Amino acid sequence: MATVCVLQYALNLSDRQAAEAVRCRIDFKYALGLELEDPGFHHSVLSDFRDRLAEGDRADRLLGLALTRIRRAGLLKGRAARASRPFP
């Protein structure tokens with residue numbers, strides 16, 4: 001869901017448009033690692049995900065996990081890639 005939210009933001013899509021993109025667009029399916037036949041999900045799942053993410057420190061933990069994985073994959077360049085403090 002986090003990846004869908006990032007793509008949704010980057011492409012300025014509504015929840016309905018993002019859910020439709022997951023159902024119909026091969027680039028979304030590829031980015032999410034889905035089979036071409038995957039039916040996707042109802043658009044309301046995105047707002048539910050964002051609501052849960054806003055609770056406590058969940059957003060910070062998710063960002064930390066994403067940055068850690070991006071660093072390990074060598075996709076982050078510059079000062080942030082050299083940061084010695086790992087995210088939780």
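User: Which element gives the most to the lining of the largest pocket?

Analyst: H5 does, with six residues. The model is predicted, so to speak of local features requires pLDDT of at least 70 and side-chain atom pairs count only at pLDDT 80 or more, while totals for chains, interfaces and linings use all residues. Residues are numbered from 1 along each chain as its sequence is written, and side-chain values use heavy atoms, with hydrogens and water left out. Helices are DSSP runs of H or I with at least four residues, numbered from the N terminus.

User: How is the pocket to be read, and what lines the largest pocket?

Analyst: Rolling a probe the size of a water molecule over the atoms shows where empty space is left. A pocket is an open set of points on a 1 Å grid over the protein atoms alone, where a 1.4 Å probe fits, with protein on both sides within 12 Å along at least five of seven lines; lining residues have an atom within 4 Å of a point. Here the largest pocket holds about 340 Å³, a volume being the space filled by probe spheres set on the points, which are joined across faces, edges and corners. Its lining includes Ala 2, Cys 5, Phe 49, Leu 53, Leu 62 and Arg 69. H1, H4 and H5 (58–72) are the elements that give two or more residues to this lining. By class, the lining has ten nonpolar, one polar and one charged residues (Ala, Val, Leu, Ile, Met, Phe, Trp, Tyr, Cys and Pro are nonpolar, Asp, Glu, Lys and Arg charged, the others, Gly among them, polar).

User: At what angle do H4 and H5 cross?

Analyst: Axes are lines fitted to C-alpha atoms, for helices over the stretch in contact, and angles between N-to-C directions run from 0 to 180 degrees. The axes of H4 and H5 cross at roughly 100° and come within 7 Å. The two are therefore roughly perpendicular (65 to 115 degrees). Phe 49, Arg 52 and Leu 53 of H4 make the contact with Arg 58, Ala 59 and Leu 62 of H5 (heavy atoms within 4.5 Å). That contact has four nonpolar, no polar and two charged residues.

User: Which residues bring H1 and H4 into contact?

Analyst: H1 (residues 2–11) packs on H4 (residues 44–53) at about 105°, with the axes 10 Å apart. Ala 2, Val 4, Cys 5 and Gln 8 of H1 meet Leu 46, Phe 49 and Arg 50 of H4.

User: What salt bridge does Asp 15 form?

Analyst: A salt bridge is a side-chain nitrogen of Lys or Arg within 4 Å of a carboxyl oxygen of Asp or Glu. The count by this rule is five. Asp 15 pairs with Arg 50, the closest N and O atoms being 2.8 Å apart. Asp 15 lies in H2 and Arg 50 in H4, so the pair ties together parts 35 residues apart in sequence. The axes of H2 (residues 15–24) and H4 come within 8 Å and cross at roughly 110°.

Notes
Angles under 35 degrees count as roughly parallel, over 145 as roughly antiparallel, 65 to 115 as roughly perpendicular and the rest as oblique.
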